[in-house]
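The sequence and structure come first.

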Amino acid sequence: MIYHPNIEELATNAPVPACLLPGGFNLMERASAALRDYLRSRNLDDYIILHAQAIDLEDIDAFREELEPGAAWQPLPLLADGHQPHTLARTAGQLRLDAPGVLHLPSFGFVLARWHFLHARYPALQTFYLAAATTHEAYTRLHDALIELRRRGDRPVWQIFHDVNQVETKPRQPLDWSNLLLPEVVSRRLTAELVRFFSEPVAALYRSLEVPYRRGVLMHGPPGNGKTSIIRALGASLPDTPAIILRPAVGFDDGDLQAVFRRWTDHAPAMLVIEDLDHVLKLIDLSQFLNLIDGIEGSMSGGLLLVATTNHPELLDPALNNRPGRFD
């Protein structure tokens with residue numbers, strides 16, 4: 001923040017306009033300076049500092065040893081006299097600590113730094129990321145390697161997207177279709193149309209028809225009729241398919257929606273689950289949502305499955321469920 005004992009006089013007489021710098025600007029400046037000091041201490045002066053609105057590296061700790069054996073987070077406080085807490089998280093019943101600081105991955109020519117902070121308006125802990133590399137292609141190489149590790153069926157997870165600063169991962173717990181109390185005709189349809197959606201015969205069919213390889217499914221009904229259980233069984237049946245759940249936080253907006261769709265399409269073949277679609281549509285612009293769905297056609301690189309749920313289908317705009325290709 002610029003300070004002057006008489007800000008009105010400064011604004012009136014100064015040859016250039018005076019302004020108050022926002023807190024976010026100061027955060028970026030301080031974080032960039034701290035990261036630059038680290039780079040200099042490691043003789044990495046040729047690295048440029050990068051920022052991405054949705055960096056999609058939040059679960060890097062789960063695969064850190066495979067990406068870079070021996071790599072570990074190093075302390076990197078935001079202020080010289082400050083201290084950053086570790087965040088305490090629970091995964092599959094086990095507690096883990098997510099350290100703030102800086103992580104150097106020499107084989108990728110990439111440095112990642114993160115700080116935890118409380119949201120200025122909402123009581124939520126968020127994480128701010130900066131990166132550094134000699135070129136932005138280093139990020140592409142790291143991101144591609146991370147996506148491949150996520151596809152391994154031995155450790156399938158849900159990526160739970162709250163907003164661009166809040167993304168968490170949770171293991172997909174085993175759940176067999178036989179454990180669900182569903183009519184046989186419904187169970188067969190779910191298996192044929194959703195579980196087998198990512199199979200090669202279905203992919204070949206879409207290619208032969210020259211239509212976008214995507215599908216939208218809307219599950220509706222009162223609470224307790226099995227929507228969540230079906231999603232859990234679907235996730236367990238597709239361990240090699242990246243899966244994202246959208247659970248918007250307070251303040252979720254159109255920019256966050258673009259970020260989650262970008263993450264979904266980048267991971268294709270992938271599945272996106274939107275819980276309580278009628279609630280989500282109260283936070284964003286409907287036309288923006290429809291444009292994102294319809295715009296997938298030109299950017300697809302694999303199968304994309306969109307599964308949404310609602311307790312109140314009557315509240316949805318007819319543009320959602322009365323047009324084939326959005327929700328069938």
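## Lining of the second largest pocket

In this predicted model, the lining of the second largest pocket divides by class into eight nonpolar, five charged and three polar residues. The lining has 16 residues, and those nearest the pocket centre are Val-186, Arg-189, Leu-190, Val-217 and Met-219. The volume of the second largest pocket is about 380 Å³.

Three elements each contribute at least two lining residues: helix α5 (184-193), strand β9 (214-220) and helix α7 (227-237). Strand β9 provides the largest share of the lining, with five residues.

## Ala-233 in helix α7

Helix α7 also contains Ala-233. The relative accessible area of Ala-233 is 0%, so this residue is classed as buried, the cut-off being under 20%. Between Ala-233 and Leu-180 the C-alpha to C-alpha distance is 8.6 Å, while the two residues are 53 apart in sequence.

## Nonpolar surface patch

Leu-205, Leu-209 and Val-211 make a nonpolar surface patch of about 270 Å². Of these residues, Leu-205 is placed in helix α6, which spans residues 200-209.

## Positive phi values

Most residues other than glycine have a negative phi. Asp-56 has a positive phi, near 60 degrees. Its place is the loop between strand β1 (48-50) and helix α3 (64-67). Because its relative accessibility is 3%, Asp-56 counts as buried.

Glu-210 also has a positive phi, near 55 degrees. This residue is in the loop between helix α6 and strand β9. Glu-210 has a relative accessibility of 73%, which is over 50%, and so counts as exposed.

## Cis peptide bond

Most peptide bonds are trans. The bond from Ala-268 to Pro-269 is cis, and its omega is near 0 degrees. Pro-269 is located in the loop that lies between helix α8 (254-266) and strand β11 (270-274).

Technical notes. Residues numbered from 1 in each chain as written. Predicted model: local features only at pLDDT ≥ 70, side-chain atom pairs only at ≥ 80, totals over all residues. Heavy atoms only, no water. 1 Å grid on protein atoms, 1.4 Å probe; cavity = no way out; pocket = protein on both sides within 12 Å on 5 of 7 lines; lining within 4 Å. Points joined across faces, edges and corners; volume = space filled by probe spheres on them. Helix = DSSP H or I, 4+ residues; strand = E, 2+ residues; numbered from the N terminus. Nonpolar A, V, L, I, M, F, W, Y, C, P; charged D, E, K, R; others polar. Patch = residues over 30% accessible without salt bridge, like charges linked within 9 Å, V, L, I, M, F, W, Y side chains within 5 Å. Areas by Shrake-Rupley, 256 points an atom, 1.4 Å probe, with all protein chains shown as cover. Salt bridge = Lys/Arg side-chain N within 4 Å of Asp/Glu carboxyl O. Buried < 20%, exposed > 50% of the residue type's maximum accessible area, 1.4 Å probe, protein only.
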